[in-house]
Amino acid sequence: MSYLYNLWDDFISLLFPRLCYGCGNDLLRNENLICTGCYVVIPRTNYHLDENNQVAQLFWGRCRLEKAAAFSFYTRGSRIRNLIHNLKYKGVKEIGNELGRIYGLSLKSSGFMSDIDLILPVPLHASKKRVRGFNQSETISTGIGEVTDLPVSIVSLVRITASATQTTRSRYERWTNVEGIFAVTDPEFIRGRHILLVDDVITTGSTIESCVNELLKVEGVKVSVVALAFAVV
Ligand SMILES: [Zn+2]
């Protein structure tokens, strides 16, 4: 029976090939979204094992973080870049869930998650979320939450100002642009909790900084940060 099933499966994949979102090669039957080759060559930072890593250092003197880490390096032409591109701009939400689960398992086994109470994705402005249909950081958070059994809240932190795309601005303009654009909706809910803030890519860190400073206004809150990728600028 399973032989017949596999034969049928092979036949279907001849008609509708399933391709890896990292490299474009055919996926094997047991692979989902991302091929084994991509898993192997994605350059992991292992920053969750080093508390004085480059992402943590990016925020030194800017905002108080407990821990900070990123899954991989965001380099030109890299497979993680293709994966994140397919997630954000082609709307393949499952990539966020899958990478979130993979990273979540590493974070969990290293003890990084041991004192985290709540996961919050970096919010998109409502208008941008409407256009894109979803928030990519939310899909990553969901994946991390699934494997760590931690709650994810998508309503506790919101973006109240829509800003133009950040890619065309200088670092200084970006820095000034993100002041005061996030708000905590229910301070009581997050009071005294250790929050894991989740983003897709960390570049200058200005968006994260703005979120963290807003969260830290609530008494007893501690914040740690993770992202799928770290772009060295
Ligand atoms: Zn691949």
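The model is predicted. The chain holds 10 helices and 6 strands. Four of the strands form an open sheet with parallel pairing, in the order S1-S6-S5-S2.

**Overall form**

- The C-alpha trace spans about 60 × 40 × 30 Å along its principal axes.
- The radius of gyration is 19 Å, which agrees with the value near 17 Å that a compact globule of 233 residues would have.
- Of the 233 residues, 38% count as buried.
- Among contacts between residues at least 6 apart in sequence, 74% join residues at least 24 apart.

**The sheet**

- In the order S1-S6-S5-S2, the edge strands are S1 (68-73) and S2 (118-121), each of which pairs on one side only.
- From one strand to the next, the twist averages 20°.
- Strands of a sheet pair through backbone hydrogen bonds, either parallel or antiparallel.
- S2 and S5 (residues 194-202) run parallel and are joined by 4 bridges.
- Within this pairing, Ile-119 stands opposite Leu-196 in S5, and Pro-121 has Val-198 of S5 as its bridge partner.
- S5 and S6 also pair in the parallel sense, over 8 bridges.
- The bridge partner of Ile-202 in S6 is Phe-230.
- Strand S5 is largely enclosed by the rest of the structure, because 7 of its 9 residues are buried.

**Helices on the sheet**

- Helix H7 (residues 136-148) lies across S2, S5 and S6 (222-230), and runs at about 130° to S5.
- Helix H10 (residues 206-215) packs on the sheet and touches S5 and S6. The direction of H10 makes about 165° with that of S5.
- H10 is largely enclosed by the rest of the structure, since 8 of its 10 residues are buried.
- The buried residues of H10 are Ser-206, Thr-207, Ile-208, Ser-210, Cys-211, Val-212, Glu-214 and Leu-215.

**The H5-H7 pair**

- Two packed helices are described by the angle between their axes and the distance between the axes.
- The axes of H5 (residues 93-110) and H7 come within 6 Å and cross at roughly 40°.
- H5 and H7 are therefore oblique to each other, as angles under 35 degrees would count as roughly parallel and 65 to 115 as roughly perpendicular.
- The crossing of H5 and H7 is right-handed.
- On the H5 side, the residues that meet H7 include Gly-96, Leu-99, Gly-100, Tyr-103, Gly-104 and Lys-108.
- On the H7 side, the residues that meet H5 include Gln-136, Thr-139, Ile-140, Gly-143, Ile-144 and Val-147.

- Leu-118 is partly exposed because 18 other C-beta atoms lie within 10 Å, whereas a buried residue has 20 or more.
- Leaving aside residues up to four places away in sequence, Leu-118 touches Leu-150, Pro-151, Ser-153, Ile-190, Arg-193 and Ile-195.
- One of these contacts, Arg-193, is 75 residues from Leu-118 in sequence and 7.2 Å from Leu-118 in space, C-alpha to C-alpha.

Terms used. Residues numbered from 1 in each chain as written. Predicted model: local features only at pLDDT ≥ 70, side-chain atom pairs only at ≥ 80, totals over all residues. Helix = DSSP H or I, 4+ residues; strand = E, 2+ residues; numbered from the N terminus. Rg over C-alpha atoms; globule rule 2.2 N^0.38 Å. Buried ≥ 20, exposed ≤ 12 C-beta atoms within 10 Å, placed from the backbone. Contact = placed C-beta atoms within 7 Å. Pairing = 2+ DSSP bridges. Axes fitted to C-alpha atoms, helices over the stretch in contact; angles between N-to-C directions. Parallel < 35°, antiparallel > 145°, perpendicular 65-115°, else oblique. Left-handed = near helix turned anticlockwise from the far one by under 90°.
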